[in-house]
Amino acid sequence: MEPGDINPWLFQVEPYQGESLSHFLGRFRRANELTPAGLGKAARLGGAIAVGGALPIARWEKFRFNPPPSRQQLEALAKVVGVDADRLEQMLPPTEVGMKIEPIRLCAACYTESPCHKIEWQFKVTQECASHHLRLLSECPNCGARFKVPALWVDGHCERCFLTFAQMASYQKAI
Ligand SMILES: [Zn+2]
Ligand SMILES: [Zn+2]
């Protein structure tokens with residue numbers, strides 16, 4: 001592979017506005033039937049530049065950004081996923097912003113318009129959706145189950161009671 005070339009044999013996935021890296025990586029992996037380790041291997045992230053013992057893709061899908069992805073890692077990933085490194089960086093929390101790894105949060109009204117998990121929902125300062133003026137959900141409003149990591153969001157419903165994310169919008173409290 002030449003530097004800058006995009007793997008022609010992989011399906012490309014278009015990022016949504018505001019989409020978190022975890023959600024994007026999950027969609028990309030499913031479109032290409034790749035495991036986290038398989039994607040890491042394709043991007044050659046599993047070797048010398050792997051940090052902390054765990055594979056980078058698996059860590060990033062859980063929002064474990066300590067240490068954050070390096071520029072070198074983002075550029076390597078960019079070649080595989082066909083989305084440039086600057087765009088990938090927008091899927092990460094800005095360095096000055098504190099992150100909440102748990103619970104995973106959701107604005108169901110946003111999800112109805114654009115089916116993705118947004119990175120800003122995990123910022124420490126974020127309590128509500130500024131565009132819908134609704135409080136974010138941090139669990140299923142019907143059964144209380146926590147949301148899975150966004151990389152595993154496939155059909156947009158609660159894994160326990162199957163209430164859809166779209167149906168959850170009516171449970172969100174106004175601010
Ligand atoms: Zn919203
Ligand atoms: Zn539920």
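Me: Is Cys107 buried or exposed?
Reply: Keep in mind that this is a predicted model. The cut-off for buried is under 20% relative accessible area. Cys107 comes in at 0%, so this cysteine is buried.

Me: Which protein atoms are the donors of the zinc ion (ligand 1)?
Reply: Cys107 is one of them, and its loop runs between α5 (85–89) and α6 (108–113). The spacing along the chain reads C-x2-C-x18-C-x2-H. At 2.1 to 2.3 Å from the zinc ion (ligand 1) you find Cys107 (SG), Cys110 (SG), Cys129 (SG) and His132 (ND1).

Me: What is the geometry at the site of the zinc ion (ligand 1)?
Reply: Four donors count as tetrahedral if all angles lie between 85 and 135 degrees. Here the 4 donor atoms make angles of 102 to 118°. That makes the site of the zinc ion (ligand 1) tetrahedral.

Me: How many residues apart in sequence are the parts that Cys107 and Cys129 tie together?
Reply: Cys129 is buried too, at 3% relative accessibility. Cys129 belongs to strand β1 (residues 128–129), while Cys107 is in a loop. The pair therefore ties together parts whose separation in sequence is 22 residues.

Me: What spacing do the donors of the zinc ion (ligand 2) follow along the chain?
Reply: Those donors are the SG atoms of Cys140, Cys143, Cys158 and Cys161, 2.3 Å from the metal. Read along the chain, they give C-x2-C-x14-C-x2-C.

Methods:
Residues numbered from 1 in each chain as written. Chains lettered and ligands numbered in written order. Predicted model: local features only at pLDDT ≥ 70, side-chain atom pairs only at ≥ 80, totals over all residues. Heavy atoms only, no water. Donors = N, O, S within 2.8 Å, 3.2 Å for Na, K, Ca; no water. Tetrahedral: all angles 85-135°; square planar, octahedral: opposite > 155°, others 65-115°. Helix = DSSP H or I, 4+ residues; strand = E, 2+ residues; numbered from the N terminus. Buried < 20%, exposed > 50% of the residue type's maximum accessible area, 1.4 Å probe, protein only.
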